[in-house]
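This report takes up the sheet and the aromatic contacts of the structure shown below.

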Amino acid sequence: MQKRNATVAVIGAGDYIGAEIAKKFAAEGFTVFAGRRNGDKLAPLVAEIEATGGTIVARSLDARKEDEIATFLNDADAHAPLEVCIFNVGANVNFPILETTERVFRKVWEMACYSGFLAGREAARLMTARGQGNIFFTGATASLRGGSGFAAFASAKFGLRAVAQAMARELGPKNIHVAHLIIDSGVDTAWVRERREQMWGKEALNNPDLLMPPASVAESYWQLYSQPRSAWAFELEIRPFGEKW
């Protein structure tokens, strides 16, 4: 592994997508700053990355708090130049509209949109001073269309996509690559598997081509990072072989 003088910040370093992103970039020589609520849950990821010779700093982080985001990214940049910031906070919930409380709607928006704005702005503050960088956002099917029961989640994801698009247009000329990755499928996590089994029975899990492996998402982020400046993509849609669209 060739070490780089560069840091990747993974905001929303959960057990699946976030963990795989961290492992991929660590394997490529980046120092990883991983943040999530209940940062003690990052211990297994830290052990795995360090066992392979990688470097990772794990932090508890509430991405909705402006001061916490600023401190997290400033610390990452102080460790080594912040080259990539990946916002991967979820907040996927399903409620019929009449059961969607004000609190649910507001909290989902805070997690999936507002915190993305904070992360993107603070990363841009550091990167524009250096004249380069990459800011990536995790989107979903709900970024493009609102499904039944997803008013809160879709509105937040629509908003995050708009933030990312505006940032891409503003920051691209400043040599900062902003991209939005749409995962148009269920991701292969324990929660998704349990939910599909409850809805459709165990046979719903028989087809391995219907769920997105988290490692494949990480590879897609690496592809975005690796794009030459002459062919930057703002948006990339990914879905497994068996997904209808």
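## Conventions

The model is predicted, so local features need pLDDT of at least 70 and side-chain atom pairs count only at pLDDT 80 or more, while totals for chains, interfaces and linings use all residues. Residue numbers start from 1 along each chain as its sequence is written, and side-chain values use heavy atoms, with hydrogens and water left out.

## The parallel sheet

Seven strands make up an open sheet with parallel pairing, in the order β3-β2-β1-β4-β5-β6-β9, where two strands pair if DSSP finds at least two bridges between them. At the edges stand β3 (55-60) and β9 (235-238), and because each has a single partner strand, one side of each is left without a neighbour in the sheet. From one strand to the next, the twist averages 15°.

The partner of β9 is β6 (residues 176-183), which pairs with it in the parallel sense over four bridges; Ile183 has Ile238 in β9 as its bridge partner. Helix α5 (residues 151-171) lies across β4 (82-87), β5 (133-140), β6 and β9 and runs at about 155° to β5, with contact meaning heavy atoms within 4.5 Å and angles running from 0 to 180 degrees between the N-to-C directions of axes fitted to C-alpha atoms, for helices over the stretch in contact.

## Aromatic pairs

Rings of Phe, Tyr and Trp (its six-membered ring) pair if their centres lie within 6.5 Å, and planes under 30 degrees apart count as stacked, over 60 as edge-to-face and the rest as tilted. By this rule there are eleven aromatic pairs. In one of them, the rings of Tyr114 and Phe117 have centres 6.2 Å apart and planes at 40°, so the pair is tilted. Both residues lie in helix α4 (residues 102-130), three residues apart, about one turn of the helix. Tyr114, at 27% relative accessible area, is partly exposed, and Phe117 is partly exposed at 33% (buried means under 20%, exposed over 50%, partly exposed in between, with a 1.4 Å probe and protein chains only).

Phe136 and Tyr221 form a stacked pair, because their ring centres are 5.9 Å apart and their planes at 15°. This pair links distant parts of the chain, with Phe136 in strand β5 and Tyr221 in helix α7 (residues 214-226), 85 residues apart. Phe136 is buried at a relative accessible area of 0%, and Tyr221 is buried at 0%.

Methods: Helix = DSSP H or I, 4+ residues; strand = E, 2+ residues; numbered from the N terminus.
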